[in-house]
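Visitor: I have a structure open and would like to learn how to read it. Where should I start?

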Amino acid sequence: MSTSRWIPVLAGRERPANLAVLMREAFVAINDLVIARLAERGHGDVRPAHAAVFQYLDDTGTTVSVLAERAHMTKQAMAELVRHLEEHGYLVRVPDPSDKRAKLVLPTDRGRDVIAVAQALAPELEGLVTEILGADRVLALRADLVTIRHAITAYPTTGRDGPPSRGGGASAT
């Protein structure tokens, strides 16, 4: 049995947590704080999965297809998240003036409040992480995460023998 409700068991033991899993779990822990704060402010219908909608939603409207692409999920899954938020008054769908076949997803006043609460929490959450790690380590963490994102996204996802080398160049073939 796992000692954590988050880490699955494989062959009777917790799976080792690789770097990607550790980064995701840190995000989940922080996101859970945001979800709890949203619930305190009257937004109990917002679930952790809905972050994928709010995070990628343009204030001028975004199609479900673009939201799905940005969030790296299927259109069907994104449409379900949008449907839930629409039913609870956080979003509306309106005709896209540039493509009459498409609909834009827009935040309502209630949806804009969710975004505002989450944005207002960012400094508090960064402060919490700074208390845990210290200012120098947070600066280094931020720089490292930016470096990782830029280095990995600079390379195609197919046709490579491996990830970029530590020096930032392509791997030798």
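Guide: Start with the salt bridges: a search of the whole structure finds ten of them. Keep in mind that this is a predicted model.

Visitor: What is the general idea behind a salt bridge?

Guide: Side chains of opposite charge can pair when their charged atoms come close. Here, the side chains of Glu80 and Arg83 meet in such a bridge, at 2.3 Å from N to O.

Visitor: Which residue forms a salt bridge with Glu86?

Guide: That is Arg93, and the closest N and O atoms of the pair are 2.9 Å apart. Glu86 is partly exposed, with a relative accessible area of 30%. Arg93 counts as partly exposed because its relative accessibility is 29%.

Visitor: What does a salt bridge between two helices look like?

Guide: Take Arg142 and Glu126, whose side chains meet in a salt bridge at 2.5 Å, N to O. This pair links distant parts of the chain: Arg142 lies in helix 6 (residues 135-153) and Glu126 in helix 5 (residues 109-133), 16 residues apart. Arg142 has 44% relative accessibility and counts as partly exposed. Glu126 is partly exposed as well, with a relative accessible area of 39%.

Visitor: Which residues are linked in a network of salt bridges?

Guide: Arg37, Glu40 and Glu124 are linked in this way.

Visitor: Now the helices. At what angle do helix 3 and helix 4 pack?

Guide: Helix 3 (residues 64-71) and helix 4 (residues 75-87) pack at about 110°, and their axes are 9 Å apart. Angles of 65 to 115 degrees count as roughly perpendicular, which means that helix 3 is roughly perpendicular to helix 4. The crossing of the two is right-handed.

Visitor: Which residues meet where helix 3 touches helix 4?

Guide: From helix 3 come Val64, Ser65, Leu67, Ala68 and Ala71, while helix 4 brings Lys75, Met78, Ala79 and Val82. The residues of this contact divide into seven nonpolar, one polar and one charged.

Key:
Residues are numbered from 1 along each chain as its sequence is written. This is a predicted model: local features need pLDDT of at least 70, side-chain atom pairs count only at pLDDT 80 or more; totals for chains, interfaces and linings use all residues. Side-chain values use heavy atoms; hydrogens and water are left out. Axes are lines fitted to C-alpha atoms, for helices over the stretch in contact, and angles run from 0 to 180 degrees between N-to-C directions. Helices (H or I, at least four residues) and strands (E, at least two) are DSSP runs, numbered from the N terminus. Angles under 35 degrees count as roughly parallel, over 145 as roughly antiparallel, 65 to 115 as roughly perpendicular and the rest as oblique. A crossing is left-handed if the near helix is turned anticlockwise from the far one by less than a right angle, and right-handed if clockwise. Contact means heavy atoms within 4.5 Å. Ala, Val, Leu, Ile, Met, Phe, Trp, Tyr, Cys and Pro count as nonpolar, Asp, Glu, Lys and Arg as charged, and the others, Gly among them, as polar. A salt bridge is a side-chain nitrogen of Lys or Arg within 4 Å of a carboxyl oxygen of Asp or Glu. Buried means under 20% relative accessible area, exposed over 50%, partly exposed in between (1.4 Å probe, protein chains only).
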